[in-house]
Amino acid sequence: MDLTFSEEQDELRKVVRSFLTRHATEADVRRLAADPSGYDPVAWRRMATEIGLQGLAVPEKYGGSGFGYVDLGVVFEETGRALLCAPYFATVALAAETLLRCDDERARGDLLPRIASGETVATLALTEESGRWDEAAIRLTAHDEAGGWRLTGVKTYVLDGHLADLLLVAARTPSGVSLFAVESGAPGLARTPLPTLDQTRKQARVEFTNTPARLLGPEGAAWAALERTLAAASVLLAAEQVGGAVAALDAAVEYAKIREQYGRPIGSFQGIKHKCADMLVEIESARSAAYGGLWALDAGDEAETAISAALAQAFCSEAFTKVAGDNIQVHGGIGFTWEHPAHLYLKRAKSSEVLLGTPSYHRELLAARLGI
């Protein structure tokens with residue numbers, strides 16, 4: 001396993017960080033968090049046309065650049081560091097991954113170029129009222145009529161579901177869990193934004209009432225592809241969490257250098273030194289878990305990826321939350337105020353901690369995959 005980055009990957013990081021420094025400032029984050037859409041369409045198009053982020057890991061034959069998961073992990077680490085407000089995780093880590101892993105070449109040819117170009121915002125509608133990300137929780141039904149497939153039921157906690165142009169929907173048919181594509185203008189589709197703790201990442205409740213849908217891949221054979229998608233998304237989310245934790249640590253260290261008490265910087269006090277050191281240890285451990293998952297994805301080892309993904313999510317979720325909370329403690333009273341950005345990272349950490357399943361859920365997955 002090689003956990004070092006190439007010169008090209010280091011340059012990719014610089015390019016992405018430069019872009020986000022200009023288009024994902026704290027002012028941008030606050031403005032878009034308060035905006036019902038939750039993102040800037042102009043910046044979204046520039047992400048696609050100027051640096052090709054939406055199509056970075058999409059194969060070239062589908063309009064992408066054909067880069068690997070380590071490269072994509074670099075991007076997610078930077079978007080997490082900047083708290084990017086955009087439907088990037090939903091579109092790239094969930095929707096594009098699902099299309100790449102489902103057994104439907106025609107659908108990939110139709111839909112992936114639109115995603116890679118930035119034309120289409122897409123998402124995966126999987127979770128329902130239980131909030132669980134497992135096969136048994138899928139209850140929304142699909143039935144085949146003379147005019148095609150129709151969906152009936154509710155999906156909730158759907159990332160960017162209120163604005164997505166394309167929804168990939170997991171539904172239950174007589175043959176098992178199947179995957180469907182639903183366009184935003186489909187009749188019988190109703191979408192309601194949900195109030196969220198983390199306003200930088202929007203979620204929605206999506207209702208289907210006899211809604212026409214396109215079957216992707218063989219009927220009843222979607223869960224294996226969805227399971228692989230969730231493993232990949234868990235690793236990419238872990239990379240994003242590492243980026244957010246690094247930003248929180250950087251803020252804590254910088255504040256400890258300039259804030260003085262009793263005539264000396266608070267960073268000179270043993271308690272603050274130890275807290276910052278503990279934050280660094282958490283981050284380095286989380287970084288190793290996330291990078292190990294990215295390596296397994298690029299190696300194409302599905303068994304190792306499944307184990308690494310569960311490990312990365314179980315650890316990185318808690319590490320980000322701890323570091324974000326410690327950052328507020330280092331800042332003291334000012335860290336609790338609305339005007340300070342520390343709370344934005346804590347809210348992102350808490351929402352990410354349950355986004356693809358809680359740490360305890362991923363520990364259950366890890367134990368099952370290890371045969372414990």
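**Aromatic rings and their labels**

Modeller: This is a predicted model. Start with Phe89: its relative accessibility is 3%, so Phe89 counts as buried, the cut-off being under 20%.

Colleague: Why does Phe76 count as buried?
Modeller: Phe76 has a relative accessibility of 1%. Buried means under 20%, so Phe76 falls in that class. Tyr88 is buried as well.

Colleague: How many aromatic pairs does a search of the whole structure find?
Modeller: The search gives five. One of them joins Phe76 and Tyr88.

Colleague: Why is the pair of Phe76 and Tyr88 called tilted?
Modeller: The ring centres are 5.0 Å apart, and the limit for a pair is within 6.5 Å. The planes make an angle of 45°. Stacked needs under 30 degrees and edge-to-face over 60, so the pair is tilted. Phe76 is in helix α4 (residues 69–82) and Tyr88 in helix α5 (residues 88–101), twelve residues apart.

Colleague: What makes the pair of Phe76 and Phe89 edge-to-face?
Modeller: The angle between the planes is 80°, and over 60 counts as edge-to-face. The centres are 5.8 Å apart, within the 6.5 Å limit. Phe76 belongs to helix α4 and Phe89 to helix α5, so this pair ties together parts 13 residues apart in sequence. Ring pairs link Phe76, Tyr88 and Phe89 into a cluster.

Colleague: Which residue lies over the face of Phe89?
Modeller: Arg201 does, at 5.3 Å from the ring centre; the distance limit is within 6 Å. Elsewhere, the charged end of Arg13 sits over the ring of Phe5, 5.2 Å from its centre.

Definitions and conventions: Residues numbered from 1 in each chain as written. Predicted model: local features only at pLDDT ≥ 70, side-chain atom pairs only at ≥ 80, totals over all residues. Heavy atoms only, no water. Phe/Tyr/Trp six-rings, centres within 6.5 Å; stacked < 30°, edge-to-face > 60°. Helix = DSSP H or I, 4+ residues; strand = E, 2+ residues; numbered from the N terminus. Buried < 20%, exposed > 50% of the residue type's maximum accessible area, 1.4 Å probe, protein only. Lys NZ or Arg CZ within 6 Å of the ring centre and 35° of its normal.
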